[in-house]
Amino acid sequence: MIANFGFGVLVVSFLVTLYSVFAAIYGDRTKNAAMVESARRAMLLTWPLLTLTAGILIYLLVNNHYEVQFVYEVTSRSMPTYLKITAWWGGQSGSLLFWSWLMSAFASLVTLRKWDRDREFLPWVIVVACVTMAFFIGMNVFFENPFMQLYETFTGIQPATFQPADSVLFTPADGQGLNPLLRHPGMIIHPPMLYLGFVSFVIPYAFAMAALITGRTDDRWIRLTRRWTLWAWLFLSFGLVLGGRWAYDVLGWGGYWGWDPVEIAAFMPWLTGTAFLHSVMIQEKRGMLKHWNMILVILTYALVIFGTFLTRSGVLSSVHSFAQSAIGPLFFAFIGFTLITSAALIIYRWDRLKSETRMTSLLSREALFLLNNLLFMSILVVCFWGVIYPLVSELFTGQKVTVGPPFYERATSPLWASLLFLMGVAPLSAWGHSTVKTLGRAMWKPLVGAIVITAFIFATYTQKVGALIGFFIIALVLLVTVYEYWRGVNARQRSQGENIFTAFWNLTGRNRRRYGGYIIHISMMFMAIGIIGIEMFQSETQGTLAQGQSLNIAGYEVRYNEIASWDNMPAGVRYTRSSIDVYRDGEFLGELNPRIDYYFDSQQTMTIPGNRSTLKDDLYILLVDWEPVSSSGATFKIYVNPLVNWLWFGSLLFLVGIVIAAWPEKETERVAAKARVRATAKQPSAAD
Amino acid sequence: MIKILKAASTSTKLPLAILIALAFTLTLTLMASAQGPTPTDDEVNRIAKQLYCPVCESTPLDVCPTEACRQWRDLIRTQLAEGKTEEEIKQYFVEQYGARALADPPNRLASYLVPAIAILFGVLLLARGFQMWMKPSTTETNASDPRGEAKSVDPYVAKLEEELKKQK
Amino acid sequence: MTESTIAAPRRGVPLWAQIIVWVLLVGLLVIVAMGLNRAQQGTVQPGHKIDNFTLPLFSGYELDGKSEINFEDLRGKVVVINFWASWCKPCEQEAAELQEAWEQYEPSGQVVFLGVDYVDTEPEARVYLKKFGITYANGPDLATRISQYFRIKGVPETYFVDKEGVLQYVQVGPFTSIDQIRAQIDPLLK
């Protein structure tokens with residue numbers, strides 16, 4: 001009964017989005033403002049409607065309504081309540097609803113802003129947002145209904161939206177339970193963050209399309225969407241980082257990133273989004289690259305949809321894939337529709353997007369930003385090809401192939417290195433003009449510093465050429481960025497008479513985007529240190545130990561004490577936990593407990609590593625196998641991952657940097673608002 | 001050989017020569033039998049790392065927990081014990097299970113050439129773009145730069161940008 | 001990619017660029033469509049004429065003394081193709097039934113059972129075959145060519161091919177009784 005009601009609300013929200021689309025188009029065509037307003041209100045309504053739908057679904061999940069197929073598939077009685085709630089996005093249909101719900105939240109937010117200056121954009125923003133929403137809700141309504149119930153008929157038990165004739169509702173005693181991999185805290189936040197990043201990129205796209213359709217292709221749409229893009233980028237980045245951390249903690253690969261097609265699918269919009277964040281500055285400062293920015297926004301949106309499609313249609317197989325389903329063809333049609341419309345529109349409006357100025361120097365900041373874009377696009381091309389190549393190979397040669405980490409690492413590492421290097425050079429070059437001389441003057445000090453540091457690393461730590469190049473670039477960028485920061489702080493100290501901390505604080509506050517960007521660059525370097533550490537200096541060993549025996553690796557002595565197995569029936573898990581003592585140079589460092597969890601309901605195991613983490617390295621131990629009877633011998637896989645903690649530390653700093661860069665700049669907005677008020681000479685008090 | 005012959009020619013050192021020859025054959029047989037017993041997990045994993053089992057796609061063999069993958073690792077161990085080289089083992093897996101057992105597509109040309117061409121195309125276009133962009137500015141120089149004037153004189157980048165910030 | 005911004009500052013997109021864009025776009029869509037089509041397709045459907053394939057056989061599991069089977073040479077006989085693997089638990093449920101069915105049909109000489117061992121290692125496969133006393137022809141699915149042709153979704157799956165080489169029935173998942181197997185073979189013998 002409740003399930004049917006939920007489905008009803010879902011259908012209503014679908015109809016409302018459709019109405020919104022048509023009302024907006026009709027209102028725009030007939031210049032009927034009331035109609036557009038009606039469309040806007042309809043769009044506002046989607047969020048409460050979908051919230052109600054989601055609320056009903058959560059109610060069913062929490063209260064063990066196993067007659068609902070989705071509830072049966074993703075929850076079980078042994079799961080705690082918070083997991084039952086997060087199971088909402090643990091399966092195909094639920095996560096689609098989650099997608100729509102987040103999308104509607106963003107759509108509502110965007111409609112609530114002041115539209116007075118951009119009235120002509122409004123109907124088209126509504127159209128794009130609501131078409132996207134209608135599509136996702138439509139998939140729920142027609143193909144993946146989360147409120148489908150189980151009915152017992154003559155031919156057996158079958159799920160159906162409406163009760164089939166001569167059938168009775170069937171309620172299983174218990175559900176199948178959530179995939180244990182999805183029970184990790186990282187996995188609880190990772191998908192929402194990723195989805196948030198995905199859906200929030202729909203808004204810049206909607207504005208870009210509105211600009212193209214209305215022909216108002218000045219910088220306005222860029223100014224409107226810049227901050228959206230930053231927030232979208234924040235969520236996407238956070239989602240990716242969490243995914244990495246989750247993989248490190250739960251998947252038991254000893255790594256954080258496996259170049260899995262689905263990981264790459266989430267990574268590709270990040271690449272274009274990052275490229276956009278850089279090139280958008282060129283448009284703002286120099287009035288150039290308008291076409292290119294438009295293309296990047298469209299690409300980002302297309303990659304978001306494409307990534308979602310790849311994960312859910314069964315085209316690619318991967319650890320992250322949802323079960324195969326019928327939504328593929330509809331999804332494909334939607335992708336084709338958006339790609340073709342976007343391309344046609346941009347070609348149609350091409351001449352409207354002229355550049356206002358010209359490039360004057362190959363070393364100017366805009367030129368270097370273009371290089372940065374080229375590098376991001378190159379990485380994108382490699383990733384895209386890597387994802388699509390198995391498909392191409394199978395279709396045209398009949399040969400299935402795997403494109404694994406070696407391909408991506410080989411093809412992208414020079415690109416990453418160049419990108420890092422650019423990070424060191426670009427902040428020193430000026431907009432418009434820059435010559436070798438000016439650049440050289442700005443660079444020589446950090447350059448000398450970096451050479452000294454690299455020489456030191458060469459003498460004390462490693463002689464690997466690749467790693468040395470990496471450390472050299474990292475040192476250079478860090479020095480350049482810190483030097484730039486310091487110059488700014490110093491200038492403020494002198495001119496404003498502030499002490500060093502207030503100078504630092506005010507400097508960042510005054511130009512958040514720039515200094516937030518610097519913090520992001522610094523954090524990138526920390527992450528690079530971690531990545532070089534784990535990629536180039538990881539050591540691993542595996543061995544079967546009897547009790548009391550030990551293994552030596554990279555200066556650590558790992559001694560196996562004992563292993564114990566017990567059942568936690570309420571949670572439905574069998575834990576097998578080993579106890580390992582870690583020594584270094586005879587000194588006891590601590591105990592680690594790598595374990596294997598076996599979940600009865602889903603019949604799956606999870607390998608939880610024991611990890612001892614320091615800034616220098618991580619000692620990461622996996623329990624691979626053990627003798628169940630004698631409980632004397634157990635096989636362990638041990639990794640030493642040098643410097644990997646810098647990756648997580650860098651990720652945190654990275655998020656801080658984005659928040660600083662994306663934080664609304666009150667002053668400039670107030671100035672803009674005041675200017676606007678002065679111009680219109682009405683409502684003098686409304687500005688603040 | 002020569003040394004042994006020399007040793008053989010001098011009658012006093014004959015026992016020593018025999019001893020050396022004996023020790024030589026002994027180490028040889030020891031080395032041969034050393035290949036025989038079980039290779040270590042690390043040796044197995046070194047090869048397993050480079051292989052992918054179709055049963056659990058996109059999970060490297062060395063960390064894949066499924067039964068099928070465990071069997072594959074045992075197979076690597078057996079083959080190592082038989083004295084097969086890494087290349088031979090990988091070749092065997094390709095014959096048995098197809099090219100997808102390898103982490104890297106076997107057709108290097110196709111897999112690397114396409115992105116390389118695309119990137120090259122991008123580089124060429126950017127180069128051409130720079131060319132076209134720069135050309136008019138040489139004839140019109142500063143006149144064509146109405147926006148850039150505030151930033152065009154820039155020996156003291158930091159100072160200027162500092163000023164810009166104050167303008168806000 | 002940045003090209004277009006520059007190539008035509010005052011005109012529309014040059015024709016060549018438009019052509020390239022559309023060709024790439026359509027090409028991508030076609031590839032994705034084909035991939036999707038393949039993913040949506042189930043196994044080979046009944047009514048499909050099965051093309052020739054070769055199956056090398058494990059020693060000790062040859063067919064009439066031949067160590068390799070050419071599917072076309074089996075024309076005129078009903079062929080039961082069973083995909084299995086030693087790591088596959090559900091396969092074990094039907095192993096005894098399949099062997100029993102084989103023993104019933106073997107004397108007639110009109111039916112051939114082929115076990116196709118999917119992504120498996122030979123030593124383990126032999127242990128499995130011995131454990132269930134399987135005697136019919138068995139061999140490895142080299143480079144997964146046969147399973148790819150049949151587009152199997154997993155193991156076990158069993159394909160019943162009639163005397164003309166046309167697929168008649170597909171069983172996904174294990175058989176629960178010998179009657180289930182007989183029910184598919186007997187009509188094909190008439």
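Visitor: At what angle do helix 7 and helix 9 of chain A pack?
Guide: About 150°, with their axes 7 Å apart. Helices here are DSSP runs of H or I, at least four residues, and strands are runs of E, at least two, numbered from the N terminus. Axes are lines fitted to C-alpha atoms, for helices over the stretch in contact; angles run from 0 to 180 degrees between N-to-C directions. This is a predicted model: local features need pLDDT of at least 70, side-chain atom pairs 80 or more, while totals for chains, interfaces and linings use all residues. Residues are numbered from 1 along each chain as written, and chains are lettered from A and ligands numbered from 1 in written order.

Visitor: Roughly parallel or antiparallel, then?
Guide: Helix 7 and helix 9 of chain A are roughly antiparallel, because the angle is over 145 degrees.

Visitor: New topic. How many residues of chain A are in contact with chain C?
Guide: 28 residues of chain A, against 22 of chain C. Contact means C-beta atoms, placed from the backbone, within 7 Å.

Visitor: Which helices of chain A supply at least two residues each?
Guide: Helix 11 (290–313), helix 12 (328–348) and helix 13 (365–397).

Visitor: And the sheet in chain A: what is the strand order?
Guide: The order is 4-13-12-11, in an open, antiparallel sheet of four strands. Strands pair if DSSP finds at least two bridges between them. Strand 4 (539–546) and strand 11 (610–613) of chain A are the edges, each pairing on one side only. The twist averages 15° from one strand to the next.

Visitor: How many bridges join strand 11 to strand 12 of chain A?
Guide: Four. A:N611 stands opposite A:Y620 in strand 12 of chain A.

Key: Two residues are in contact if their C-beta atoms, placed from the backbone, lie within 7 Å. Angles under 35 degrees count as roughly parallel, over 145 as roughly antiparallel, 65 to 115 as roughly perpendicular and the rest as oblique.
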